[in-house]
Amino acid sequence: MSAPTRLAPETVTIRIDPADPVFEGHYPGFPILPGLFLVEHVHQAVLASWAGRQLRVTALEAVRFRKPVMPGDVVRAALSRTSDGTDLVCAAELTVKGERVATLRLRYTEGGPR
Amino acid sequence: MIGAGQIREIIPHRYPILLIDRVDEVVPGQRLVARKAITVAESAYRDRADDAYPLSLLLESWAQAAVLLACWDTPNPDVVTGKVELATGIRGVRIGVSAVPGDVLVHEVVIVRALDDAMIVSGTTTVNGESALVVEQFSVALRDLSVLTAGQPS
């Protein structure tokens with residue numbers, strides 16, 4: 001295992017499409033984004049930024065949801081990634097209009113799906 | 001056995017994001033076992049090249065089992081007239097085998113601590129007896145809609 005390496009930070013923009021059918025059922029009369037969908041957006045951004053490497057997500061170490069995310073919101077996700085040779089840890093801070101809505105930390109290992 | 005009709009009387013989630021098919025066991029205030037079958041007919045698979053069930057839906061399905069248990073004795077089927085369940089935090093989630101269409105997710109949830117309007121739940125998901133998810137701590141809060149709509153354009 002090599003010493004941890006801090007990789008270049010990256011910011012991605014996630015547009016919460018009001019036409020996403022999820023809002024029909026979450027919830028009728030009061031559409032809000034299931035918070036766990038933010039985890040998926042960050043996960044996809046990590047996979048995209050590491051295209052060509054076989055990353056498998058092994059842990060969602062911590063998530064804190066601070067404010068609900070609404071249809072039409074534009075979420076900025078600031079990703080900071082650390083690699084120790086085998087594992088990649090991605091911490092993300094998510095904001096809408098400068099206000100923090102969530103923070104989370106995902107862990108990955110190299111290798112194909114189990 | 002408690003099916004989808006009764007599940008809809010307890011939690012407010014609806015198609016296409018009601019991700020619990022059936023409750024197999026429940027001890028209100030303590031623990032619950034529920035299941036969800038995955039099929040390729042789900043919208044998540046419309047344009048998906050990867051067979052693995054998306055992480056967000058796996059977590060959301062487990063979390064719905066947690067909310068079912070949390071709301072068992074005080075059903076909350078409509079957020080407009082009731083309260084909104086909001087996940088406030090999750091810690092220590094280990095992700096194991098992937099589930100694919102044809103698999104059944106078996107969720108077990110246990111209440112760790114119950115407060116007035118919040119609950120801490122832990123649990124697991126298995127697929128064919130193998131671990132897909134271990135959740136150390138999931139916290140969920142019940143909030144009045146008015147708290148959320150304050151400051152939002154109506």
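Reader: How many residues of chain B are in contact with chain A?
Author: In this predicted model, 33 residues of chain B are in contact with 28 residues of chain A.

Reader: Which elements of chain B supply that side?
Author: Helix H2, strand E3 (83-95) and helix H3 (145-149) of chain B each supply at least two residues of the side that touches chain A. The largest share, eleven residues, comes from E3(B).

Reader: And how do the residues of that side divide into nonpolar, polar and charged?
Author: On the side of chain B that touches chain A, 21 residues are nonpolar, eight are polar and four are charged.

Reader: What joins E3(B) to strand E3 of chain A?
Author: Five bridges join E3(B) to strand E3 (residues 55-65) of chain A, and the two strands run antiparallel. Within E3(B), B:Gly89 is the bridge partner of A:Arg64.

Reader: Turning to the largest nonpolar core, which residues touch the most other members?
Author: The core has 70 residues, and those touching the most other members are A:Val39, B:Leu58, B:Ala65, B:Ala66, B:Leu68, B:Leu69 and B:Val121. Helix H2 (residues 55-71) of chain B gives the largest share of this core, 13 residues.

Reader: What does B:Leu68 touch?
Author: Leaving aside residues up to four places away in sequence, B:Leu68 touches B:Ile7, B:Ile10, B:Ile11, B:Ile20, B:Val23, B:Leu32 and B:Ala34.

Reader: Now chain A itself: in what order do its elements run?
Author: From the N terminus, the order is β-β-α-α-β-β-β-β, with two helices and six strands in chain A.

Reader: What percentage of chain A is buried?
Author: Of the 114 residues in chain A, 32% are buried.

Methods: Residues are numbered from 1 along each chain as its sequence is written. Chains are lettered from A and ligands numbered from 1 in the order in which they are written. This is a predicted model: local features need pLDDT of at least 70, side-chain atom pairs count only at pLDDT 80 or more; totals for chains, interfaces and linings use all residues. A nonpolar core is a set of buried Ala, Val, Leu, Ile, Met, Phe, Trp, Tyr and Cys residues joined through C-beta atoms within 7 Å. A residue is buried if 20 or more other C-beta atoms lie within 10 Å of its own, exposed if 12 or fewer, and partly exposed in between; C-beta atoms are placed from the backbone. Helices (H or I, at least four residues) and strands (E, at least two) are DSSP runs, numbered from the N terminus. Two residues are in contact if their C-beta atoms, placed from the backbone, lie within 7 Å. Ala, Val, Leu, Ile, Met, Phe, Trp, Tyr, Cys and Pro count as nonpolar, Asp, Glu, Lys and Arg as charged, and the others, Gly among them, as polar. Two strands pair if DSSP finds at least two bridges between them.
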